[in-house]
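Student: I'm new to this one. Can you walk me through it?

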Amino acid sequence: MSEIKKIATRESYGNTLVELGKVHEDLVVLDADLAGATKTGIFQKVFPERHIDCGIAEANMMGIAAGLAACGKVPFASSFAMFAAGRAFEQVRNSIGYPHLNVKIGATHAGISVGEDGATHQCNEDIALMRSIPGMVVINPCDDVEARAAVRAAYEYVRPVYLRFGRLAIPVINDESSYHFEIGKGITLREGKDVTLIATGLCVNESLEAAKLLAADGIDAEVINIHTIKPLDEELVIASAKKTGKVVTVEEHSVIGGLGSAVCDVLSEKEPTRVMKIGVNDQFTVSGPAVQLIKKFGLDAESICAKVKAFV
C-alpha cells in the first residue's frame, strides 16, 4: 500500500500565493519577520517587489495591510495565529473589520500542533476571536487541496478573510480533480445514521479514521467537514442533526468560542440536539511533539472514537 501524502497547510498557503501572484498583479504579501516559517518566503523569492517584511510588529502590519486595501491592492498579511489574531486583534477589528476592507489574514502555526513552541505560541483562541468580528469570514482547511482552494477563494472574495493554517504535515484526503470549495458550504464526507461528527482542520482526517473504528463497533457515524466556520453551513448542520439526533464537534481549538460553539448556537435555536464538544478544554496547553500533543489532548482517532462511544 502506498504511503499517504502529507503536506502542511502553511506550505499550501505559500505555494498558492505564488500561483495567484502570477495572475494578479494587485496581490501583495506582508509578513512580520516570519517569511520562512509562514512560507511567504516562497512568494518573496518570485515577487520581491510585492513582498513587504514589516518586522516583528504585527499590529503595524495590519495597519499597513488596511492602507494597501484602501488603495485597491489585495494584501495577504501573514504571521503566526497567536500574533495575527491575538496580538493584533485591535487593529484587525478596527482597521480591517470595521471598514470591511479587503484584507486576507494568513495565520499559520495555529493550534496545539505547533508542538515544541509551547503554550505561548499554541493559539487555541483565534477562531473565537475572529468569529466575534462582524463580517469576518473564518476558514480552517483540512488538507493541502482544500487549503489551496481556500486561498484562491479568499482572493476572489472582496471582504476580510481569516485563513487558519498549520505547521504539522497532515494527510491529503481530498482529490483535487473532483474537489469543489465554496465559502460557507460544508462537505459531507461520510453518510451515517447514529451520530454526526462535525470536524474542521486537521481533525477532519482524525474524525474520518474514528468513524472507521466506530463502524467496527456497529456505530454508523456521519462525518462533515466544516472548512468555513463563519459563515457556518447551518442548513447542512441542521439536516444532519435531524437525521442522527446526536452531534459531536471536533476541533484543534478551545471548546469555548470555536466550531463547537458555532454549531451549538445554531442547533440550540433551530434544532435542539444533544452535542458533545471535543477540543482543548478550558486550560493552557504544554510543549511537546505535535503528534503526542494531539493524542494527549484527545484529538487523535482512537481518543475521538472512545469519547463518541461513551456519548452514544
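Student: What share of the residues in the protein is buried?
Tutor: Keep in mind that this is a predicted model, where local features need pLDDT of at least 70, side-chain atom pairs count only at pLDDT 80 or more, and totals for chains, interfaces and linings use all residues. Residues are numbered from 1 along each chain as its sequence is written, and side-chain values use heavy atoms, leaving out hydrogens and water. Buried means under 20% relative accessible area with a 1.4 Å probe, protein chains only. Of the 312 residues, the buried share is 58%.

Student: Which residues touch the most other members of the largest nonpolar core?
Tutor: A nonpolar core is a set of buried Ala, Val, Leu, Ile, Met, Phe, Trp, Tyr and Cys residues joined through side-chain atoms within 4.5 Å. The largest one here has 44 residues, and the two touching the most other members are Met62 and Tyr162.

Student: Which element gives the largest share of this core?
Tutor: Several elements give two or more residues, including strand S2 (27-31), helix H4 (58-70) and helix H11 (259-270). Helices (H or I, at least four residues) and strands (E, at least two) are DSSP runs, numbered from the N terminus. The largest share, six residues, comes from H4.

Student: What radius of gyration does the protein have?
Tutor: The radius is taken over C-alpha atoms, and the globule rule is 2.2 Å times the number of residues to the power 0.38. For 312 residues, a compact globule would come out near 20 Å, so the protein agrees with its 19 Å.

Technical notes
Buried means under 20% relative accessible area, exposed over 50%, partly exposed in between (1.4 Å probe, protein chains only).
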